[in-house]
Structure formats: structure tokens, C-alpha cells
Amino acid sequence: MADKKCTIYIVDVGPTMWQVKRDEGGIALDLARKALLAMLEAKVFAGLKSDVTGLLVFGTDETDNQLNDQTPGEYENITTLYPIEQPQLPILRTVNNNMPHGNVQADAFDAIIVALNMMEEYCKRLKFTKKIYLFTDGESPINQYDFDRVSSQILDQNIELNVLGVDFDDPDIGLRQENKSENKKRNEQFLRKLADTCKGTIFSMEDVLRQLSKPYIRPVKPMPVYRGSLTLGDPQTYGSASLLIEVELIARTMKAKPKSFKKYSALAEAANNIENKTYEVSHSRTYSITVDENVNEKVDVPQDELDKAYALGKTFIPLPKQDENIFSFETTPCLSIISFIRTEEFRRELVLSNVFTVVPKKDEPVAAQRLSSFIHVLYEKDSFAIVRYVKKPLESPKLGVLVPYIKPPKECLYFARIPFKEDYRRFTFPSLDRIVTKTGKELDVHEYLPTDEINSREYLKVKECYNPVNVMIKKAVSHKALYPEESLPQPDPALKAQTRMLPSLVEKNKELVEEMRALFKIKEVKGKGKTTKRRFADANVVIEQNLSLDQLLNNDNTLENGKKPKSENGDREDSLMLDKKDSVREVGLTDPLGNFKEMIANREEDLVTQAVEQMCRVIEHFVKSSFGASLYEKALECLKLLRETCAKENESEMFNKFLKDLKTLVFTCNPSKTDFWELLGSNKLTLISNKEADDSSITENEAEEFLKTKFERKSIIETADEEQMPTDELVRFFHII
């Protein structure tokens, strides 16, 4: 359950708050109203029943408060606008549109006493987080009688007192307001004394408004999503040779979703003969089946009489309810360590999910000591732990990684999910800092390469980036609630900066953009608008455009039905492109070298990874199907070309993995192909080292030793226990588990 909170806002509405203009312009009451609205909006949006609010104003012409009813003649000109309750939309509308404007100077200290009485009557002896906010300009006279008793009550009840002063001094930044009245100086000094005695805080209204201009992030109470044991080994069978730590998982990052919308009944709004309208729309769902295909008639059936079915092609395979348990895993909640991995071997893109903090179980000093030792071991060994995670009984197991984090005085483990083998997708992209020509020459200077002239100044700080959708939805709903007839406000400049290019960059290149626009005669193309449904057949429909390719190229020939006219000899003129033959998309067995080179040279689309994978399969086929050494030379030529290309195209890891697999193949296949391996050794075809390619993790010595090392058969368990196990082998091991 969320912590209970009780907050009372006290607003000065005396004559000096709305009749006197400030030196900076405007009136003090407008500043107080703006700050109060921002605070109340956050509470109304949260909608927590455990977060209650009261609103007091002092300086009103009339008096309405509980203490005045008990002691007539005292605590005058103080009005309770809203008693302590969960804040709703009416309090926002009252503050925005109907805030009282008083003509009497009332006592701010009396208003604090009334707020203390309200809080004591409501909270009694229950545990609440209590806060009082006082908005004032400090011009009204203050009676300091009973200072000690009131300050002691604030301290005893653990109430946080915050004074938001208009045109108050700010000692933290050395700001001192000039032209203050003697009464304001005296009252400001008294309020500072009260705040210091009660361990409260005084803020300048300008500073408060700057802080409130940022989007409000509601604090979330940490709630464990998993309470259980972090284990290494089997504590039940091998108690002394295993590790068991009682831990909790708490969400560190979680997507903040925008406020959900509900269906609103426009019919109920138009109906005038209905009382107590809720405007709520309820949903219902029915299931129907066709009994006879010849008769277009459907019969409604209950949901519990339906079975699930899975599509297999165009056929549906029914799955009766008694067989649904085949998809259930008999699992128990656990967080079990199954392997360790070096930090440099774990790739950042493997993280799948939100991040969770792993902390010791509350009030368990033994668990805290064990977890601290485990964190330091991982940190010192520069390693991560791979775990099997089951959140609740009968739930499918998941893979995760534990990352140590130490920053005194804080230390913990961070947990994130990682993919199984079938979840991982490999894509290859050209390097951003390395450009190689078709001839194999690496360029040092190119327009796409970064230079020293790049400005490293940070444009947007990640910690200050808010989700513009969430922020704008909150502002839109709040604005429509207060001003139903007005249009929505424009986004803040800070939010616009997240969705637009750097202004200085746009301004710097403005002339170049205009020159390109004029050179290519670029105009806005007006389409037909969005359709309700996309159709495959519409792909060939010609859409009229204001700008044609012929116009761009300043060609005098006009188009006839979308085609160029024929010349005198009957051929179509085409000065731009020669007849194109279909591009090669497969490395065949007949001419693998030629096919491979054409796929690598294709500049219209990236076929490098596809070509490398197909060439690997071709080489493997030649070796396995070779009668004696008949196909070895052909396989060797392909392997040489493959190695050279992979070193240039940043595919070294793929080649090295293939060569390791090929080594296993030649020694394990029946009959053995060890003579092919000897052929590779004589030609010194080994792994690509990091000296030949930047993306390789193999050293020169490791590459030389690879050809010399004899193949040794190893079991899965022995391979999995190796400390230096590569990431791809680790993922394969996870899939087996």
C-alpha cells in the first residue's frame, strides 16, 4: 500500500497580493496561483486515495474555519476553501477561476495554526507524511504570540513546513530584493526563524516556478517483483559446496505509460432526460459459429465451449483444453547462476528488457554480507553472471545477466534479460569510421569520416529528456479541463528541442538547402491522402506527381503514358542507364568465385553477410563431398577469397567462427578429411587476427597457434566451464539448457 500523505496549502489573498504590481510586472497572486495549480495537477493526475489535500486562504472578507467556530473572535478572515480530501477537478477550477480576492490583511501565523488543527483532526495518531505550504508576500502583519508552542507542535507531529515567498531574498545565490517595506522585512525575518526552528524551508517564488516548469515525475515506492534465493549450485544436495543468498528484485527502469483514455458516450451527453449520467461505455463480446455453410446463419455460443486452434498453413489444428498443459512448464521460482562470462565478451545489444536492481532481503544481515562479497568478486574478476530466472511457479524460464555495480556507499547487482538463440538476430552494417574502396584501399580523408572539427558539446542531456507524448497528454487534459473552449497550447521549447534538428546546424546550412531546392526544383508532392486499407495491387498504380524525373534532369523529352518516346530506329532513348541484368543473389557451385565477387560488389543493396554465409556453405559442401582431394583446390581458392573479403568487410568474427567449425568438421566427419587441414597449414590459411582487421578479437599468436593445435574432442559440460568461452558459444549453451 502507498504511504499516506496529507498536504495543506495556505494562500495569502490579501489586498497586497492582487492590488499591488510587482517591480518585475504582474501581481503576486498570479504567481501563487500558477505554482499551486502545478502542484495540484500532479496530485489530481496521480489519483491516489492515500494522498489527501486541503486548501486554506487568509485575507478574505469573510471567515470560515473550525477554530473560529470554537473560539469566536479569533482566527478571523481565514477561510477553508476545501477540507482535507482527495483532490479532484473542482479544486483546480476553483484555484484557476474562482480564487477569492480579499480586502483585509490577515495573520499568516493564525492560518498556520488553523492548518495544524485541521491536520490533527484528520490524521489523529495515524502515520501520515504531513506537509504545509504557505504562499505569501509577507506584507500582512503577523502576531508572534505562541511561537514556541506552535513550533514545538510542528516538530512533535513531524510536519514539513515550506514557505513560498514572493520577492523574498535568496541567500543561497546572494539575491536581495530592494525597496522592501519595514513590515515585509520583519515578517520575512520571522518566517525564516520559524522555518529554521521547525527544520522547514523557505523558497523564492521565482525558484519554485522554475522547478515546477519541468515535467513532474511521480515518485514510485520500490516494490520487489521477486523475493527468493540467488543460488550457485544445488544448496539442498551440496550445502557446503554451493551458494545461497536471499535477495529481492526491484525495478530500476520501467516504461512510463501515458494516461489511458476511456470511452465517452456522446449519446449520453446529448440526452437531456437522463439523470445522474456517468457517460461510461461498457463493452460486451459474443462468439458465433456457422453451422451450415449453405445457410448464411450464425449461432452464438458461450466462450467456455470453444477450444483453441493453431494455424498450420491454411489448416487449423484444434487443441483441446485437456491438452493445453503441454505448454506449461513445471517450474519453481528461482534465480540460479548457470555460467559466468567476461565483461568484454558481453555485447550491449543482448539486453532485452527493463533493468532490475538485485538487493539483499530486508533485515537480513547475513544475506547482505554474502551478496556484497559476491558483487566484489564479480567486479574484481571483471565478469558477469548468467542466470536462469523464474518469477513465479509454472512460468516459462528466462535468461538473464547480473552486472556488478559499486559506487560507494552503494553497491548492488543489476539484472536484465538476455535472448535465447532463436531471439537473436544478426545484422551487419558498414563501418562508420572506416571506408574501403572497391580496390581494397582504405581512405583516410572522406566526407563521411569524422574530423577534429566536430563540436563535442552535448545538445540534449539524457537525464533531462522527458517523453514528449506523456508530457503533452497531461498538459492537454489539464488545459481542456480548465479551458474547455480554447485550443490546445503549443509544446514547450524544451520538448520541441527533442524532436527537431540543432538550430545552429539548420541556420548554418540554410543557404545550401535553398541552393539544392532551387537546383533540383524541389516542390511539395501532394498525395491522395491516407486510405483506410493498404492493398498489394495498389503497388503498381501510378500516382500523378508535380515533379518528374525528366524535369529534374532538365530533359527536353516529354513522357508519354509514363514511358519515353521511341527514337527513329525504334529503340527507346535512355542516356542515363544501360540495360541492367538481374543481380546475382546466390553463390552457386558452378562459379562460386564469380558469384561471390558480384554479390560483394553490389552497391544497390548490402549482400555482404548473405554472400559470406553462402560461401561458407559452398566450401563446406566441397570438403564433405570431395572424392579424395578432387575438390580441395576449388575449396582452397574459395577459402582464400572468403578470408580476404571478410578482413576488408568487417566480417572477421564470422570467418573465424566458420574456420573453427570447419576444423571440427574435417576431424570428425567420416571419412576423415585431415589432409585438407594439412593443405590449409601449408598455405598458412588461419584465423584473421586483430592486426589484419579491427573487428577481430584474435591476436597474432592465437592465429598462429590455431593451425598448430591438434583437435581435441570435448564434452558440452567441459566446453561450458571454460572461462574464455565466446559469446556465440555461450548463447548456444543457453539454448541447450
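Helices here are DSSP runs of H or I, at least four residues long, numbered from the N terminus. By that numbering, K684 is found in the loop between α20 and α21. This is a predicted model.

Phi of K684 is near 55 degrees, a positive value in a residue that is not glycine. Most residues other than glycine have a negative phi. K684 is exposed, with a relative accessible area of 68%. Now look at K124. Its phi is near 50 degrees, again positive without being glycine. K124 sits in the loop between α5 and β4 (129–136). Its relative accessible area is 61%, so K124 counts as exposed, the cut-off being over 50%.

## A cis peptide bond

Most peptide bonds are trans. The bond from P408 to P409 is cis, with omega near 5 degrees. P409 lies in the loop between β16 (398–407) and β17 (410–418).

## A buried aspartate

D107 belongs to the loop between α4 (89–97) and α5 (108–123). D107 is buried, yet it has no salt bridge. The nearest side chain of opposite charge is R186, 11 Å away.

What lies 2.8 Å from a polar atom of the D107 side chain? The backbone nitrogen of F109 does. Beyond its neighbours within four places in sequence, D107 contacts F58, I78, P141, I142 and N143.

## Helix α11

Helix α11 covers residues 468–482, which is 15 residues. At 1.5 Å a residue it should span 21 Å, and its end C-alpha atoms are 21 Å apart, so the two values agree. N467 caps the N-terminal end of α11. A side-chain oxygen of N467 lies 3.0 Å from the backbone nitrogen of V469.

Several residues of α11 are buried, among them V471, I473, A476 and L482. Which helices do the buried residues of α11 pack against? They pack against α2 (28–46), α4 and α12 (493–499).

## Nonpolar cores

The largest nonpolar core has 41 residues. Within it, F596, I619, L639, L642, L662 and F676 touch the most other members. Six helices each supply at least two residues of this core: α16 (592–601), α17 (608–625), α18 (632–648), α19 (652–668), α20 (674–682) and α21 (700–708). Apart from this core lies another, of 39 residues, including C6, I8, Y75 and I132.

Take I619 as an example. Leaving out residues up to four places away in sequence, I619 touches A635, C638, L639, L642 and F658.

Key:
Residues are numbered from 1 along each chain as its sequence is written. This is a predicted model: local features need pLDDT of at least 70, side-chain atom pairs count only at pLDDT 80 or more; totals for chains, interfaces and linings use all residues. Side-chain values use heavy atoms; hydrogens and water are left out. Buried means under 20% relative accessible area, exposed over 50%, partly exposed in between (1.4 Å probe, protein chains only). Lys and Arg count as positive and Asp and Glu as negative; His and the chain ends are not counted. A salt bridge is a side-chain nitrogen of Lys or Arg within 4 Å of a carboxyl oxygen of Asp or Glu. A polar contact is a pair of N or O atoms within 3.5 Å; within protein, one must be able to donate a hydrogen and the other to accept it, and residues adjacent in sequence count only if both atoms are side-chain atoms. Contact means heavy atoms within 4.5 Å. A nonpolar core is a set of buried Ala, Val, Leu, Ile, Met, Phe, Trp, Tyr and Cys residues joined through side-chain atoms within 4.5 Å. The expected span of a helix is 1.5 Å times one less than its number of residues.
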